[in-house]
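Read this walk-through with the fold open in a viewer.

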Amino acid sequence: MMSSAPINSICPWSGDPVSPDSVTTYRGHTVAFCNPGCRDKFDTAKHWFDRHIDTVSGACEPGETAIAGVSPYRPRHVRFAGVHKVAELAFKLYTITRSADLPVPDQAIARGLAYATRALPAALEQESNAHPAGYIILHAGETSNWLLIHWWAHSDIAMQLLASAQTLEGKFRSLDHRRFHACVWENIVISHERNAWVRRAMTKDGNVADYLADVLADGAY
């Protein structure tokens, strides 16, 4: 399980005491720094070293990262975490983690669902004709934790709300003002859900119950 409290009390860059607003996660643990600048410097450094260690260890071949800023692909673990009722809609919930050994804590799932409960009513009022089903993705990423809330409306359109939290213990905040859609791992779930909606809802005998039962299998993708 991911640790909730930082594993360090002193910033490794400055030697000063850590600050609660300057934390991130690394290899399943919460690590802390004295200010956001030190935290961001660490995030940049760990990504650089992770990419180079992968090349040296054979996780990727030299030249695989020829495109500047593009990391070698490494599978991540997708897990189905049940169907949850939010704002009168039924959502399939998936989590994505870098390793099956580091599942998303139940408390983080609860925080994600709490955010969806707060944010959905206004979105549903603004955009009508929602169908009573959708899916939520909670992705524990390298530098942030992402919450994608999708529901079906207007027959064949997937609606979306997007939020993020700096740590799995943190509060989710809206990112709807940004241009993000989804990363390569999140798109695996999105692709399955698109096909499930076509198979289970957009047919003569289609129904929501069959759609909710059509779940992407747990595993590394």
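In β4, Tyr-94 is the bridge partner of Phe-80. This is a predicted model, in which local features need pLDDT of at least 70 and side-chain atom pairs count only at pLDDT 80 or more, while totals for chains, interfaces and linings use all residues. Residues are numbered from 1 along each chain as its sequence is written, and side-chain values use heavy atoms, with hydrogens and water left out.

The strands β3 and β4 run antiparallel and are joined by eight bridges. Strands here are DSSP runs of E with at least two residues, helices are runs of H or I with at least four residues, and both are numbered from the N terminus. Two strands count as paired if DSSP finds at least two bridges between them. Strands of a sheet pair through backbone hydrogen bonds, either parallel or antiparallel. The hairpin of β3 and β4 has two residues between the strands. Ala-87 sits in that loop and has a phi near 50°, a positive value in a residue other than glycine. Most residues other than glycine have a negative phi. Ala-87 is partly exposed, because its relative accessible area is 29%; the classes are buried under 20%, exposed over 50% and partly exposed in between, with a 1.4 Å probe and protein chains only. Ser-155, in the loop between β6 and β7, also has a positive phi, near 75°. At 40% relative accessibility, Ser-155 counts as partly exposed.

On the β5 side, β4 is joined by seven bridges, and these two strands run parallel. The chain passes from β4 through α2 to β5, and this β-α-β crossover is left-handed. A crossover is called right-handed if, with the strands pointing away from the viewer, the path from the first strand over the helix to the second runs clockwise.

How many of the residues of β4 are buried? Nine of its nine residues are. In a regular strand the side chains alternate between the two faces of the sheet. One side of β4 carries Leu-89, Phe-91, Leu-93, Thr-95 and Thr-97, the other Ala-90, Lys-92, Tyr-94 and Ile-96, and all of these are buried. Thr-95 counts as buried because its relative accessibility is 2%. Leaving out residues up to four places away in sequence, Thr-95 touches His-77, Val-78, Arg-79, Ala-81, Val-104, Ile-109 and Leu-138, where contact means heavy atoms within 4.5 Å.

The whole sheet is open and has seven strands in the order β8-β7-β6-β5-β4-β3-β9, with mixed pairing. β8 (173–174) and β9 (219–220) stand at the edges with a single partner strand each, so one side of each has no neighbour in the sheet. Helix α2 lies across β3, β4, β5, β6, β7 and β8, at about 40° to β6. Helix α3 (residues 186–200) lies across β3, β4, β5 and β6, at about 160° to β5. For these angles, axes are lines fitted to C-alpha atoms, for helices over the stretch in contact, and angles run from 0 to 180 degrees between N-to-C directions.

The largest nonpolar core has 28 residues, and those with the most contacts inside it are Phe-91, Leu-120, Ile-136, Leu-147, Ile-149 and Trp-151. A nonpolar core is a set of buried Ala, Val, Leu, Ile, Met, Phe, Trp, Tyr and Cys residues joined through side-chain atoms within 4.5 Å. At least two residues of this core come from each of β3 (77–86), β4 (89–97), α2 (106–126), β5 (130–140), β6 (145–153) and β7 (157–165). The most come from α2, which gives nine residues. Apart from this core lies another, of 19 residues, including Ile-96, Ile-137, Leu-162 and Leu-212.

A search of the whole structure finds zero disulfides, a disulfide being a pair of cysteine sulfur atoms within 2.5 Å. For Cys-34, the nearest cysteine sulfur is that of Cys-38, 3.8 Å away. Cys-34 counts as buried at 18% relative accessibility, whereas Cys-183 is partly exposed, with a relative accessible area of 24%.
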